[in-house]
Amino acid sequence: MNRDIEPRLLRAFTAVADELHFTRAAARLYVAQQALSRDIRRLERELGAELFVRTTRQVALTAAGERLLPYARRVLQAQDDLAAAFSGAERRPLLVDVSAPVSTGSQVLAEARRRIGPETELVARFHSGLAGAAAELLAGRLDVSFGRVRGLDPAVLARLDHRLIRYERIAVVLREDHPLARFEEIPLSALAGETLYAAAGNDTTTEWTDLAAQLFAGRGIAMAEPFPEIDGDEEFIRVVTKRRWSVLASEVFTQLPGAVLRPLTEPVPLSPVSIVWRRGLAHPGLDALHAAARALATTSGWLHRPPGAWLPRPEADHGVSGGS
């Protein structure tokens, strides 16, 4: 085996392993698909092992590919760390969108702050959805965000880096006097005939509305009519209370007065949440966020998928893997 494998080949491999799709991986790396395929073949020759099984319908990692993936990530992370150490990594505050004060992003941010020194500043921002935050990332007004990346425009996603950190269980917020509120978990079939708010009409959360539409399809669950973006927890509570909405939510959600949060089941629906950052970003705060997300995923089982769990498309079609 060649002991001097080029990092470029490992980046090509991890991109294909993440996407399980050569065209998307090539777009993510800004290379032609033919060039990407050549790099994968060269890496396979240098390792003496086939890394992917390719059919006309799908791409999957072989056992050798699965074995290589964690090593490739560690090598690339070490290279990134080395580059950052000698490139005068920015010490400006890192702007981190956590979506809401109660969220996966806020948990990662809190853990990262415990890991950094006083010279590194992580500043929270609160955008209501990843679709809106992604535009801010590309404009340079944000550095990091969290959310379901596969709900984004592919052209937007190709300009960002991302890594899966959690499967959030999907839940429903019900009024305390709702007939289903007495149950600890709500079977999806029990919601037939219900109307749920899922941010329809809010252009900053289209990835969540897309997930909801897929989940509701064929189950007799209606989407609440489009409503303008609701800015801030206080206003959200006011509108939801006034309109007496039931709300499709994550298991990590703001407590609403007079309401209960109940996880959904039969099947257990999941929302894949990734950490998302502007491509090319080097900052010690970003390193701390990655370390915090990995630690929380390990200690809290964030990447566990219950048997038979439901995932939206395209995640359910192609599987869900980590990002860059």
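A residue counts as buried when its relative accessible area is under 20%, as exposed when that area is over 50%, and as partly exposed in between, with a 1.4 Å probe and protein chains only. With that in hand, we can look at helix α5 (residues 104-113), where seven of the 10 residues are buried. The model is a predicted one, in which local features need pLDDT of at least 70 and side-chain atom pairs count only at pLDDT 80 or more, while totals for chains, interfaces and linings use all residues. Residues are numbered from 1 along each chain as its sequence is written, and side-chain values use heavy atoms, with hydrogens and water left out.

**Confidence and naming**

- The predictor's confidence in each residue is called pLDDT and runs from 0 to 100; the chain averages 89, and 95% of the residues score at least 70.
- Helices (H or I, at least four residues) and strands (E, at least two) are DSSP runs, numbered from the N terminus.

- The buried residues of α5 are Thr104, Gly105, Ser106, Val108, Leu109, Glu111 and Ala112.
- Their cover includes the strands β3 (94-97), β4 (122-125), β5 (144-147), β6 (160-175) and β12 (270-278), together with helix α10 (284-300).
- The axes of α5 and α10 come within 8 Å and cross at roughly 115°; axes here are lines fitted to C-alpha atoms, for helices over the stretch in contact, and angles run from 0 to 180 degrees between N-to-C directions.
- α5 and α10 are therefore roughly perpendicular to each other, given that angles under 35 degrees count as roughly parallel, over 145 as roughly antiparallel, 65 to 115 as roughly perpendicular and the rest as oblique.
- Contact means heavy atoms within 4.5 Å, and on the α5 side Gln107, Val108, Leu109, Glu111 and Ala112 meet Ala288, Leu289, Ala292, Ala293 and Leu296 in α10.
- By class, the contact of α5 with α10 has eight nonpolar residues, one polar and one charged; Ala, Val, Leu, Ile, Met, Phe, Trp, Tyr, Cys and Pro count as nonpolar, Asp, Glu, Lys and Arg as charged, and the others, Gly among them, as polar.

**Helices that pack against α3**

- Helix α1 (residues 7-19) packs with α3 at an angle of about 110°, and their axes are 9 Å apart.
- That angle makes α1 roughly perpendicular to α3.
- From α1, Arg8, Leu9, Leu10, Ala12, Phe13 and Val16 take part, and from α3 the partners are Leu36, Asp39, Ile40, Arg42, Leu43 and Glu46.
- This α1 and α3 contact has eight nonpolar, no polar and four charged residues.
- α2 also packs with α3, here at an angle of about 100° and with the axes 9 Å apart.
- α2 is thus roughly perpendicular to α3.
- Phe22, Thr23, Ala25, Ala26 and Leu29 of α2 make the contact with Gln33, Leu36, Ser37 and Ile40 of α3.
- In the contact of α2 with α3 there are six nonpolar, three polar and no charged residues.

**Helix α8**

- Eight of the 11 residues of helix α8 (residues 206-216) are buried, so the helix is largely enclosed by the rest of the structure.
- Those buried residues are Glu207, Trp208, Thr209, Leu211, Ala212, Gln214, Leu215 and Phe216.
- Just after α8, Gly218 takes a positive phi of about 75°.

**Backbone details in the loops**

- Glu266 and Pro267 are joined by a cis peptide bond, with omega about -5°.
- Glu266 sits in the loop between β11 and β12, and Glu266 is exposed, with a relative accessible area of 58%.
- Leaving aside neighbours within four places in sequence, Glu266 is in contact with Pro187 and Leu188.
- A cis peptide bond also joins Arg313 and Pro314, with omega about 10°; Pro314 is in the loop between α10 and α11.
- Tyr30 is not a glycine, yet Tyr30 has a positive phi of about 60°.
- Tyr30 lies in the loop between α2 (22-29) and α3 (33-47), and Tyr30 is exposed, with a relative accessible area of 53%.
- Arg244, another residue other than glycine, has a positive phi near 55°.
- The loop that holds Arg244 runs between α9 (233-243) and β10 (246-250), and Arg244 is partly exposed at a relative accessible area of 47%.
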